[in-house]
Amino acid sequence: MTPNGPLIPCSEAVERLWEYLDRALSAEDHARVEQHLAFCRRCCGELEFARELRAFLATAAADEIPPDVRERLQGFVRELGG
Amino acid sequence: MATQAIPGLYALARRLTDQSPEDLVQECLLRAFRAYGELADDAAGPAWLRRILVNAFRDRLRKEMRSVEEVSVEDVDEFSLYRTLAEEDPFPYSDTLHLDFLRAFGREDVRAVLLRLPVRYRAPLVLRYIEGFSTKEIARLLDEPLGTVLAQLHRGRKRFERELWDYANESGLLAKGAGR
């Protein structure tokens, strides 16, 4: 889709990068961001960082359950009859 | 099924709250036990349990989510971690400055940063980007209008960026990273 109207400014493009990556923008807004990115190298850097930040958030927060907590919760399930 | 789901439920509870995550998992298991007859397919059990846990969390914090202070939109929206890193250049000898910044964080650091966010921003962020729920589903789970969830996600992302930067400065992560 080719957007109508002038190129959006950097501030507007950067504001929408996560929604752009989420594909949560309307088709027209998605195309506007895409059009901006085709021209603006700095915002491409912002986009790449937004992508890295999303992946970082998804993976870096993974954690393990302490054995004593696991044992207590398993005991709780047994008490419930599960 | 419940036993196998415990680690995932506990991890989710710890990301949502630092106040007795174990109790939250227990509450979830109790509710699941009572409602087990409603589960038609055991294969859907893990997702069903996660929804029950989020419901229990929502009920526990309903008051807090309503009463938390709004963060100044101006203050949050103007911050860009990408630009701040480029301008402050905390690792002057790095060719991959932005990546090195993220790599300085350990898992417990990320959890600490998430817990610094007001719960109304933290919950949608965790559910969307760590647990993978859709925005519509988050709206349903948190009993909020979709527009509110989208706005919370937007501010939550900006706030998360700012908290990453503040935490890195306050905890000495930047100094450690710069020394590598």
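1. Axes here are lines fitted to C-alpha atoms, for helices over the stretch in contact, and angles run from 0 to 180 degrees between N-to-C directions. Helices are DSSP runs (H or I, at least four residues), numbered from the N terminus. The model is predicted: local features need pLDDT of at least 70, side-chain atom pairs count only at pLDDT 80 or more, and totals for chains, interfaces and linings use all residues. Residues are numbered from 1 along each chain as its sequence is written, chains are lettered from A and ligands numbered from 1 in the order in which they are written, and side-chain values use heavy atoms, with hydrogens and water left out.

2. In chain B, the axes of helix H8 and helix H9 (residues 135–142) come within 10 Å and cross at roughly 135°. H8(B) and H9(B) are therefore oblique to each other (angles under 35 degrees count as roughly parallel, over 145 as roughly antiparallel, 65 to 115 as roughly perpendicular and the rest as oblique). The crossing of H8(B) past H9(B) is right-handed (the near helix is turned clockwise from the far one by less than a right angle).

3. H8(B) brings B:Ala123, B:Pro124, B:Leu127 and B:Arg128 to this contact, and H9(B) brings B:Thr135, B:Ile138 and B:Leu142 (contact means heavy atoms within 4.5 Å). Five of these residues are nonpolar, one is polar and one is charged. Ala, Val, Leu, Ile, Met, Phe, Trp, Tyr, Cys and Pro count as nonpolar, Asp, Glu, Lys and Arg as charged, and the others, Gly among them, as polar.

4. Between the chains, helix H4 (residues 41–60) of chain A packs with helix H10 (residues 146–171) of chain B at an angle of about 80°, their axes 12 Å apart. H4(A) and H10(B) are therefore roughly perpendicular to each other. A:Leu53, A:Phe56 and A:Leu57 meet B:Phe160, B:Glu161 and B:Leu164; the contact has five nonpolar, no polar and one charged residues.

5. The whole structure has two cavities of 30 Å³ or more. On a 1 Å grid over the protein atoms alone, a cavity is a set of points where a 1.4 Å probe fits but cannot get out, a pocket is an open set with protein on both sides within 12 Å along at least five of seven lines, and lining residues have an atom within 4 Å of a point. The largest cavity has a volume of about 140 Å³ (the space filled by probe spheres set on the points, which are joined across faces, edges and corners). Of its 13 lining residues, A:Val14, A:Trp18, A:Glu46, B:Lys158 and B:Glu161 lie nearest its centre. H10(B) gives the largest share of the lining, four residues.

6. The second largest pocket has a volume of about 180 Å³. Its lining includes A:Glu19, A:Arg23, B:Tyr129 and B:Arg157. H10(B) again gives the largest share, three residues.

Terms used
Helix = DSSP H or I, 4+ residues; strand = E, 2+ residues; numbered from the N terminus.
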